[in-house]
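Here are some notes on the model you sent. Please read them alongside the coordinates.

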Amino acid sequence: MTAPASTSGRWVLVTGAAGELGSRLVKRLRDDGWLVRGLVLPGDPLAARLAGLGAEVVTGDVRAPRTLDRAVSDVDTVFHVAAVILASEAAVLDQVNRQGTANMLAASVAAGVRHFVYVSSASVTYPRLTPYGRSKLAAEELVRAEPALVHTIVRPTLVYDRDGGEEFMMFVRFLERFPVVPFIGPGTARKSPVASSDVVEGLARIAGNPLAAGRTYNLSGGESITLEELGKLVLGLRGRARPFVHLPVWACRVLAALLSLVMKKPPLTQYGVTGFINHADLDCAAATRDLGYRPVGARAGIARCFPNVFTDNTATVHRRAS
């Protein structure tokens, strides 16, 4: 996708720019011709990811409003990517995800930003919200309620790439931890894992796109797959196939509650249980229609992450969303 001429002289801000997704978005927006500024935490060693990308790097913390003025100065579009997914205390999720978004909105309005793109999560659609899902849903409501900004909200599903994707790699580590996988629930929850490159593509197509104004887009993958199918796919591609034993959800919830009382970082949490039993295969048709978003299917995309053990038994022609 070539950059439209209207990008000339217009600044875009990416918060959370030192993260895996943020840094890739910075590179893509620069390639598209935007002037890009990346907001990173003071002293963040991951800021080195932005070296050589041609972006201006500024430091600040979304929890500290006074540190945001420089970041939003002269900016046309904000991509608010910064977030905390996992935290030992729900207050941290609220401080970063909800209040941090409120702070970014206020700074953006004061600076005359035109367009605010908020990266939310598929977890806001769960019938039983986790603290993370509640914090992201509350932030969505703040974004929609701000009349001074054009907004777009995106909800990625389970993000993966060759180097990880935090929740995806947690799932992989869980699968590989035991010789017999203690699988939570029946494994029938349907997911649409999405390649980080496809999320970046979808986000980049929002910049300068009038069709995206006021819209909420699901940036999901191009294929729905059950969680058990996904687990067996990943283990097979990594050459570590093993049997599954299914555990009752109620027992896992009780165990997670008990572990939380005696451990600071328990191996099983309510957040983890919820992820195993909720569907996250959101329809990306609106993004396809407005943005030309066409994500790769999970089987083909994940196989690219583990090419050294890819075999004909796991091969499949990837299906793009239509």
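1. Confidence overall. This is a predicted model, and the mean pLDDT of the protein is 90. Of its residues, 92% reach 70 or more.

2. Packing of α3 and α4. Helix α3 spans residues 90-111 and helix α4 spans residues 131-145. Their axes lie 9 Å apart, at an angle of about 15°. Angles under 35 degrees count as roughly parallel, and α3 and α4 are therefore roughly parallel to each other. The crossing of the two helices is right-handed.

3. The α3 and α4 contact. On the α3 side the contact is made by Ala-90, Leu-93, Asp-94, Asn-97, Arg-98, Thr-101, Ala-102 and Leu-105. Helix α4 contributes Pro-131, Tyr-132, Ser-135, Lys-136, Ala-138, Ala-139, Leu-142 and Val-143. By class, ten residues of this contact are nonpolar, three are polar and three are charged.

4. Ser-192. Is Ser-192 buried or exposed? Ser-192 sits in the loop between β9 (190-191) and β10 (194-195). Its relative accessibility is 4%, so Ser-192 counts as buried, the cut-off being under 20%. Beyond its neighbours within four places in sequence, Ser-192 is in contact with Thr-157, Leu-158, Ser-220, Gly-221, Glu-223, Ser-224, Ala-280, Asp-281 and Leu-282.

How values were computed. Residues are numbered from 1 along each chain as its sequence is written. This is a predicted model: local features need pLDDT of at least 70, side-chain atom pairs count only at pLDDT 80 or more; totals for chains, interfaces and linings use all residues. Side-chain values use heavy atoms; hydrogens and water are left out. pLDDT is the predictor's confidence in each residue, from 0 to 100. Axes are lines fitted to C-alpha atoms, for helices over the stretch in contact, and angles run from 0 to 180 degrees between N-to-C directions. Helices (H or I, at least four residues) and strands (E, at least two) are DSSP runs, numbered from the N terminus. Angles under 35 degrees count as roughly parallel, over 145 as roughly antiparallel, 65 to 115 as roughly perpendicular and the rest as oblique. A crossing is left-handed if the near helix is turned anticlockwise from the far one by less than a right angle, and right-handed if clockwise. Contact means heavy atoms within 4.5 Å. Ala, Val, Leu, Ile, Met, Phe, Trp, Tyr, Cys and Pro count as nonpolar, Asp, Glu, Lys and Arg as charged, and the others, Gly among them, as polar. Buried means under 20% relative accessible area, exposed over 50%, partly exposed in between (1.4 Å probe, protein chains only).
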